[in-house]
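Visitor: Could you walk me through this one? I'd like to hear how it is laid out.

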Amino acid sequence: MHIGSFIKLHRLKCKMTQEELSEGIVSLSYLSKIENQKTNASPEILQLLCDRLGIEISEDTDREIEEKCKEWYDMLFDENDKKVMTEKYEELQPLMERKINQHTIMFEIHTIRYYIVLRDLGKALHIMNKLHDMADSFNYEESYYWHKFKGNYYAHKEVHQEALRNYKLAEKVIRLANIADKEIANLHYALSITHNYLREDLEAVDYANRAMTVFQQNYNFFYCALCHIILGISYQRVKDLDAAIKNYNLALHLGELNKNETIVYLAHYNFGYLYSIMGNSEEAIKHYSLAIETKDLAYKTKLDALTHLVQEFYMIREYEKAKAYVKQAMEILEVAKCKYDDFYNGYHNYMIEVYTCLLYDDFKRFKTILTDDFIPYLKRRGDYSNLVFYAKLLATHLAERGKYKESVEYYKLANSSYDQLIKL
């Protein structure tokens with residue numbers, strides 16, 4: 001066990017300074033060497049430090065703790081019951097607080113994942129910062145989960161390049177860490193999603209297929225369906241529409257067979273998007289409408305489908321239906337804004353404002369939102385797909401009003417954004 005790292009970890013958890021811990025026991029510089037594993041302190045000194053922290057050192061393997069930890073680690077997935085997950089954490093935490101043992105670091109690393117599943121990214125980052133300085137001392141298994149959960153954190157923050165970097169670091173230590181096939185499949189699934197976000201479609205297909213091989217062997221049809229969704233999106237991008245439709249149908253079949261509404265939603269939503277880019281608004285509207293019928297959808301998830309319905313009805317000039325969906329989207333957005341700060345000045349907020357202006361003939365406000373707010377927002381995010389769409393939308397409306405010089409400027413932006421999209 002790296003006792004120095006554990007002492008540092010518990011000191012930080014107790015919000016105790018090095019001065020407070022070292023006083024009357026060792027010098028400040030000597031404590032720093034102990035915490036950074038630059039010296040081996042005597043058992044007597046270690047005991048005094050632990051006594052001050054209110055913890056005990058246990059060299060023995062505690063089978064009960066080990067089993068409880070493993071049970072909790074296996075729960076840390078989005079599809080599992082958050083209440084049960086939290087109850088298990090609250091049962092384990094006091095036990096882990098009192099002792100330094102071989103499970104201490106692994107428990108802390110999994111706490112990052114726990115807060116990510118609860119979507120408390122602030123607390124996840126706090127744990128990451130606390131563990132950062134001792135990461136070099138992690139064994140292979142600890143290093144694997146450290147990088148994997150950091151990847152999860154950055155994926156949720158939509159910093160996909162950093163997520164990919166950490167997932168790749170986790171992948172490097174798989175053999176050395178002796179990681180189980182089921183866990184490797186989960187990492188490969190995370191890699192497939194990340195490559196998908198980065199529009200690296202060949203890599204996304206490769207990792208999705210590798211993950212699905214293991215999921216099929218373990219009869220994990222939920223993750224098989226998610227892999228089919230990723231494959232569908234990737235094939236759609238490389239214009240293999242038959243393969244895309246086949247994978248979406250397989251995902252939908254698995255979702256309906258297992259009565260999993262998340263999968264059913266994702267299948268219909270992606271079918272909607274596929275038919276939209278094919279110019280088949282009737283089929284797109286059918287699938288988006290089926291998607292929003294799914295119960296217990298998260299705000300962002302429901303808004304994704306609703307805003308696409310607004311777009312489709314606007315494109316086919318069914319303006320009253322578009323207005324009805326704008327109203328529905330605005331109601332959900334207002335509730336979301338009360339709960340989550342990131343819904344202010346976000347994609348859905350701007351998008352709803354844009355179509356409200358179009359549907360109620362407020363061109364001045366429409367132009368202002370796009371030029372001053374929405375387009376700069378999309379540029380900052382590197383969202384080239386939406387930049388192409390909204391720059392072209394603005395250019396078209398400017399041209400219709402005889403503002404050709406401004407129109408050309410936004411057609412150029414649409415073209416340059418498309419070039420960036422191709423490069424991705």
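**Overall layout**

Guide: Of the 424 residues in the protein chain, 50% count as buried, which is under 20% relative accessible area, with exposed over 50% and partly exposed in between (1.4 Å probe, protein chains only). This is a predicted model, in which local features need pLDDT of at least 70, side-chain atom pairs count only at pLDDT 80 or more, and totals for chains, interfaces and linings use all residues. Residues are numbered from 1 along each chain as its sequence is written, and side-chain values use heavy atoms, with hydrogens and water left out.

Visitor: What does the secondary structure come to?

Guide: The protein chain has 23 helices and two strands, taken as DSSP runs (helices H or I, at least four residues; strands E, at least two) and numbered from the N terminus.

Visitor: New topic: which residues form the nonpolar patch on the surface?

Guide: Tyr273, Ile277 and Met278 form that patch, with about 270 Å² of accessible area together. Patch members have over 30% relative accessible area and no salt bridge, and nonpolar side chains (Val, Leu, Ile, Met, Phe, Trp, Tyr) are joined within 5 Å, like charges within 9 Å; a salt bridge puts a side-chain nitrogen of Lys or Arg within 4 Å of a carboxyl oxygen of Asp or Glu. Areas come from the Shrake-Rupley method with a 1.4 Å probe, and for residues only the protein chains shown count as cover.

Visitor: And where is Tyr273 found?

Guide: Tyr273 lies in helix H16 (residues 261–277), and Tyr273 counts as partly exposed because its relative accessibility is 31%.

Visitor: What box do the C-alpha atoms fill?

Guide: Along the principal axes, the C-alpha atoms of the protein chain fill roughly 85 × 45 × 35 Å.
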